[in-house]
Amino acid sequence: MKTLFYGMTVACAVLFAVMTATGHDSLIRVSDRKAVTFDAMIRDAVRSDVIVVGEIHGDPRHHALELEVIRALHESDTPMIIGMEMFRQSNQKDLDAWTQGTMPVDRFVPIYYQNWNQHWKFYEDIFLYAREHGIPMAGLNIPDEVAKAIARRGFSTLSSDERKMLPPGISCTIDKSYMEFIRRAYAGHDQGDAKTFQYFCEAQMVWDKSMATNLIAFMKENPGKKAVVLAGVGHAWRRGIPEQLSLLSGYRTQVILPVLPDQADPKNVSVEDADYLVLP
């Protein structure tokens, strides 16, 4: 475990050193296409209620950035929580025990793997930092089987038992513009025929709306705290979780995305997509 911690700490230190050294070369503010410093982005972030940071799950650079955003907000004395796609809401008690320091690492890691299939080393430093500083963590995700059922046969076919696994009141209405957003945000996914793609869009809508609903509930339990949300890039685009947060609560959001060639890059991203792009 110490080896994994050291490896990720080095990765975080390397990224932070690069960002500190290059500063304005590492980040682009989407509103004016200007290069800005990491500190400038954080000063802007604290004016929002929720900061959503997108990731490619297996890219250590993205996890290093997420930790640095969390660290910067914490060190600025910003009261905060961390919302995670990587844990289901049904496992919230385990996350609470972790951040409260009552669950040891050897018990927590197996629970992590019950929730997420990426290697623990990618998120270890984030979990350890939250635990060390007592930062509450919110599990936002829904059961895999529900999302897969919607993607396979559509939202309208969910059984009553399957619907009970979603937050109360979740509905699903998609339109042409939303489907175009999903086509773009998930350009690397096999989107199949028209019916398959429609169901895939419904699954993403329900997924994002459910995670937004779970975050809102957790923020109400932790009033006065800002949230940093860690989620896959497809969920992090403004039309994903952030739009659902705005529709359901009016929370102000800031979106930080990694640059992805031909998908999320300075040439084709607008303020309707994100606020900041992080260069590789």
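**Salt bridges, a helix pair and a buried asparagine**

Across the whole structure, a search finds 11 salt bridges (a side-chain nitrogen of Lys or Arg within 4 Å of a carboxyl oxygen of Asp or Glu). This is a predicted model, in which local features need pLDDT of at least 70 and side-chain atom pairs count only at pLDDT 80 or more, while totals for chains, interfaces and linings use all residues. Residues are numbered from 1 along each chain as its sequence is written, and side-chain values use heavy atoms, with hydrogens and water left out.

Me: How far apart are the closest N and O atoms in the salt bridge of D275 and R238?

Reply: R238 is buried, with a relative accessibility of 18%. D275 has 21%, so D275 counts as partly exposed. Between the two residues, the closest N and O atoms are apart by 2.3 Å.

Me: What is the N to O distance in the salt bridge of D32 and R29?

Reply: D32 is partly exposed at 32% relative accessible area, and R29 is partly exposed at 26%. Their side chains meet in a salt bridge with an N to O distance of 2.8 Å.

Me: Are helices α3 and α6 roughly parallel or roughly antiparallel?

Reply: The axes of α3 (residues 60-75) and α6 come within 9 Å and cross at roughly 15°. Axes are lines fitted to C-alpha atoms, for helices over the stretch in contact, and angles run from 0 to 180 degrees between N-to-C directions. Angles under 35 degrees count as roughly parallel, over 145 as roughly antiparallel, 65 to 115 as roughly perpendicular and the rest as oblique. The angle therefore makes α3 and α6 roughly parallel.

Me: Which residues of α6 meet α3?

Reply: Contact means heavy atoms within 4.5 Å. On the α3 side the residues are H63, E66, L67, I70, R71, H74 and E75. The α6 residues they meet are D125, I126, Y129 and H133.

Me: Which residue has a side chain joined to that of N115 by a polar contact?

Reply: N115 lies in helix α5 (residues 105-115) and is buried at 5% relative accessibility. A polar contact is a pair of N or O atoms within 3.5 Å; within protein, one must be able to donate a hydrogen and the other to accept it, and residues adjacent in sequence count only if both atoms are side-chain atoms. The N115 side chain reaches the backbone nitrogen of R88 at 2.9 Å. The side-chain partner, at 3.4 Å, is N91.

Me: What is the phi of D77, roughly?

Reply: D77 sits in the loop between α3 and β4 (80-88). At 68% relative accessibility, D77 is exposed. D77 is not a glycine, yet its phi is positive, about 65°.

Note on methods: Helices (H or I, at least four residues) and strands (E, at least two) are DSSP runs, numbered from the N terminus. Buried means under 20% relative accessible area, exposed over 50%, partly exposed in between (1.4 Å probe, protein chains only).
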